Every structure is written in C-alpha cells, then in structure tokens.
Amino acid sequence: MKEISSDAKIETKCLHAGYTPKNGEPRVMPIVQSTTYVYDSTNDVAAVFDDPTKSLIYSRFENPTTDAVEKKIAALEGGVAAMCTSSGQAASLLSILNICEAGDSFIASSSIYGGTINLFGVTLKRMGIECIWVDVDASEEELNAAFKENTKAVFGETIANPALTVLDIEKWAKAAHAHGVPLIVDNTFATPILCRPIEWGADIVMHSTSKYMDGHAVQVGGVIVDSGKFDWTSGKFPCMTEPDESYHGIVYTKQYAFAPYIVKARMQLMRDFGCYPAANSSFLLNLGLETLAVRMKQYCENALKVAEYIKNTGKVNFVSYPGLEGDKYYELAKKYLPLGTSGVISFSIKGGRDDAVKFMDSLELASNEVHVADIRTCVLHPASATHRQLTEEQLAAAGIDGGLIRFSVGLENIDDILADLERAFAKI
C-alpha cells in the first residue's frame with residue numbers, strides 16, 4: 001500500500017503553500033482586484049509578451065491571488081505548475097483541447113461525470129475530435145485495442161461521479177504510456193488529500209474546485225495541474241515541439257521544458273478563451289483549501305457510517321461506496337485511497353424512480369440541490385438532473401438507473417444525518 005508522499009506534511013501545504021507572508025505583509029492572502037498591471041516602458045511590456053512567465057500581462061491570463069492558489073494546488077498534487085479556470089467543465093475542455101485538434105481522438109472512461117460525457121461525446125465531436133469510450137474496468141488488452149493512430153490522450157476520474165467506480169490509475173497509465181500519450185485524471189472527489197494520481201503514473205490532473213476544494217458552495221472553478229513528467233518530444237505532439245505561429249514562434253518544449261503543457265494552455269488557450277477565475281473567487285477557494293485536510297477526514301468517517309446504515313435498511317438494491325467492505329472497488333480503493341473514499345455515496349432505491357423521488361423529498365436535513373461535496377449534506381437524483389441529457393444506453397454505461405440517488409455526506413453530527421435518513425426511508 002502506497003502512502004501519500006512525506007516530502008512535506010500535506011496539512012502544512014494546505015495552509016502555507018503558495019503564499020507565505022513576510023515582514024509587514026498581511027496574514028491572509030490579499031485579493032488583487034485588478035485587471036491590469038503597470039510597466040515602466042513600452043519595451044518592458046513587449047518583453048513580457050515575449051515571455052509571459054516573467055511577469056503579469058492581464059488578468060485574463062493570470063492574477064497574483066490566483067497565482068498563489070495555483071502554486072498551492074500544484075504543491076498539493078505533486079505537480080510542477082497549475083492553471084485555474086472558471087469552472088471544472090472549462091478545465092476538462094482545456095485539458096483535451098491543449099493537445100487535441102480536429103482529426104484527433106482520445107480515450108475516456110465511460111463512467112465519468114454526465115456533463116463531461118456530453119462535452120466529450122457531443123461538443124468535441126462537433127469540433128472534429130473523437131472520444132473513444134472504454135469501460136472503466138476494461139482489461140489491459142481491451143484498453144490497448146481502443147487506441148488509434150490519431151489517439152492523443154486518455155482520460156478518467158479517480159472516483160467517478162456519481163457511479164463511484166475507482167480508476168485503476170496504474171493500469172490506465174501503463175496503457176497510455178505504451179502508446180506514447182498522457183493520462184489525464186479528474187481527481188475532484190478524491191482531492192490530493194486522499195489520492196495523488198501523479199504518484200501512480202498520471203501526467204495531468206484536473207479538478208472541479210467547486211467541490212471539496214472549495215467545500216462551502218461559494219464559488220465555481222476548476223484547475224489543471226501539470227506533472228512535468230511527460231515526454232512531449234516523441235513526434236506525436238507537434239503542437240508542443242514545433243514553433244507556435246500564434247505566439248512569436250515559441251517552441252514550448254524548448255523554452256518552457258519545466259512545464260510545457262501548462263504554459264501552452266495559458267499562453268494559447270487561456271489567451272483565446274479567457275475562462276480565468278476572478279481574484280475574489282480564488283481568495284474564497286484558498287480559504288477552502290486551508291481546511292481541506294481536516295474536512296476530508298471527517299467526510300470519510302461520516303460517509304462510511306452512512307453507507308453501512310443504508311446497506312442494512314433492506315430498502316435499496318445496492319449501495320456504491322468504495323470504502324465499504326464488500327464494494328466492487330474496495331480493493332482498488334485500499335490501494336489508491338487508503339485514507340478514505342470521500343463523502344459521496346450512491347445507492348438505488350428498490351421502488352425505482354418514484355420511490356427515489358419520494359425518499360428525497362422526505363429528507364429534512366439534507367438539501368435537494370445540484371451540488372456535491374459540500375460541508376452540508378446534499379442529495380441529488382442524477383437521472384433527473386446532472387445526467388438528464390443522456391440516453392438510456394449512456395445512463396446504463398455510467399452505472400445510473402431511475403432509482404439511483406447521489407448522497408453527499410456533510411459535516412453535520414452523524415446522529416442527525418442518520419436520523420434524517422431514517423425518517424425518509426420510513427416514508428417508502
């Protein structure tokens with residue numbers, strides 16, 4: 001069993017990485033509420049446009065407050081650099097567009113978040129990029145068979161939303177690397193507190209920071225982290241190794257060998273799409289990050305007790321929670337998530353959609369909302385909400401039926417959470 005690296009205590013990184021105040025500076029990370037930055041001369045401005053890593057250009061690219069948060073998240077994940085985005089969906093989109101273009105393909109696990117399924121299977125398809133869907137439990141042979149000559153990346157979720165499948169990161173990384181492409185892992189539900197995918201072979205890690213990283217449902221955001229470990233010089237990625245005509249002929253692997261992927265994403269995609277978070281949003285995200293290590297421990301403890309309770313009610317077809325002994329992914333969870341498997345549980349009510357809705361509407365403590373991974377307990381019916389746009393076949397592939405409920409356990413007293421569940425189960 002591999003433990004989280006001890007290069008520095010992760011609790012300390014949550015508090016101090018990215019911003020350490022010096023003599024006379026504010027204790028709390030300041031909000032730099034500015035769109036622009038002043039230079040002494042025209043030549044100074046030109047020099048920064050030649051090399052944006054030297055200083056700040058404009059807050060569509062980068063902002064000092066957000067920069068501090070990016071450094072903290074990169075440190076937490078064990079990466080070399082990070083770029084925040086305005087949402088998790090934006091992070092998913094840019095993670096692919098950074099290395100794929102019309103005529104390319106990439107592989108993705110079929111049990112990922114419903115919004116990402118639509119993004120990959122519909123929107124990117126319209127842009128000429130093919131997503132090849134592979135079962136999360138596919139064998140090495142099946143994985144390898146899915147690759148095409150034009151395949152440029154592999155994508156999966158550490159803990160899938162809401163199916164709660166666990167990605168065998170080492171297996172998927174091995175297949176990706178055998179074909180000379182990077183593995184991109186969405187680590188939203190696990191967070192770097194429970195799993196650091198880079199240590200298991202992932203090359204790029206992304207998050208919807210709106211979830212556990214923020215934790216308080218106050219800002220929407222995303223982030224992409226570059227491990228700095230992938231070799232882009234195989235000839236398969238000319239976008240990294242040939243001059244970028246849109247940016248002074250820069251060759252990312254030469255000028256920015258420490259993190260060519262994230263520098264390209266910022267200089268090329270963020271420049272054009274402008275989906276960068278506001279400084280105030282980054283300030284709020286940092287507050288959430290400071291308590292992340294403490295919160296994740298409590299989420300996991302509460303969720304395990306809830307999963308055990310639901311399993312014994314006799315009113316569900318199944319309970320999916322990787323930390324629950326007997327769960328299909330229990331052994332994989334022990335390998336990749338030894339400290340716990342987040343606070344999210346999925347279970348299917350025996351009466352199907354009608355009883356699932358009745359159960360949810362009977363809850364008093366838990367909020368019925370389109371959110372997850374909050375400090376407050378919340379509940380969602382995926383087939384009616386986040387995955388409503390999917391076909392029956394896509395729902396089945398994502399492990400979703402009409403009775404499925406996603407239950408996000410919060411930080412309330414566990415006895416109050418269980419009492420709320422007991423009241424609701426009594427109604428069906």
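## Sheet, helix packing and aromatic pairs

Strand S5 (residues 183-186) and strand S6 (residues 204-208) run parallel and are joined by 3 bridges. This is a predicted model. Asp186 has Met206 in S6 as its bridge partner.

Both strands belong to an open sheet of 7 strands, in the order S1-S7-S6-S5-S4-S2-S3. The pairing in this sheet is mixed. S1 and strand S3 (130-134) are the edge strands, each pairing on one side only. From one strand to the next, the twist averages 20 degrees. Helix H5 (residues 114-126) packs on the sheet. H5 touches strand S2 (105-109), S3 and strand S4 (151-157). The direction of H5 makes about 140 degrees with that of S3.

Which strand does S1 join, and in what direction do the two run? S1 is joined to strand S7 (residues 222-226) by 5 bridges, and the two run antiparallel. Ala82 has Val225 as its bridge partner in S7.

Next, a helix pair. Helix H3 (residues 64-77) packs with helix H12 (residues 279-290) at an angle of about 35 degrees. Their axes are 8 Å apart. The crossing is left-handed. H3 contributes Thr65, Thr66, Val69, Lys72, Ile73 and Leu76 to the contact. H12 contributes Ala279, Ser282, Phe283, Leu285, Asn286, Leu289 and Glu290. By class, the contact has 7 nonpolar, 4 polar and 2 charged residues.

The aromatic residues come next. The model has 14 aromatic pairs.

Phe230 and Trp232 are both buried.

Phe359 sits in helix H15 (residues 352-362), and Phe425 in helix H17 (residues 414-426). The pair therefore ties together parts that are 66 residues apart in sequence. Phe359 counts as buried because its relative accessibility is 0%. Phe425, at 3% relative accessibility, also counts as buried. Phe359 and Phe425 form one aromatic cluster with Tyr309, Phe347 and Phe407.

Tyr247 lies between helix H9 (238-241) and helix H10 (252-255), in the loop. Is Tyr247 buried or exposed? Tyr247 counts as buried, because its relative accessibility is 3%. What does Tyr247 contact, leaving aside its neighbours within four places in sequence? Phe49, Pro52, Ile57, Tyr252, Met267 and Arg271 are its contacts. The C-alpha atom of Tyr247 is separated by 8.0 Å from that of Asp50, and the two residues are 197 residues apart along the chain.

Definitions and conventions: Residues are numbered from 1 along each chain as its sequence is written. This is a predicted model: local features need pLDDT of at least 70, side-chain atom pairs count only at pLDDT 80 or more; totals for chains, interfaces and linings use all residues. Side-chain values use heavy atoms; hydrogens and water are left out. Axes are lines fitted to C-alpha atoms, for helices over the stretch in contact, and angles run from 0 to 180 degrees between N-to-C directions. Helices (H or I, at least four residues) and strands (E, at least two) are DSSP runs, numbered from the N terminus. A crossing is left-handed if the near helix is turned anticlockwise from the far one by less than a right angle, and right-handed if clockwise. Contact means heavy atoms within 4.5 Å. Ala, Val, Leu, Ile, Met, Phe, Trp, Tyr, Cys and Pro count as nonpolar, Asp, Glu, Lys and Arg as charged, and the others, Gly among them, as polar. Two strands pair if DSSP finds at least two bridges between them. Rings of Phe, Tyr and Trp (its six-membered ring) pair if their centres lie within 6.5 Å; planes under 30 degrees apart count as stacked, over 60 as edge-to-face and the rest as tilted. Buried means under 20% relative accessible area, exposed over 50%, partly exposed in between (1.4 Å probe, protein chains only).
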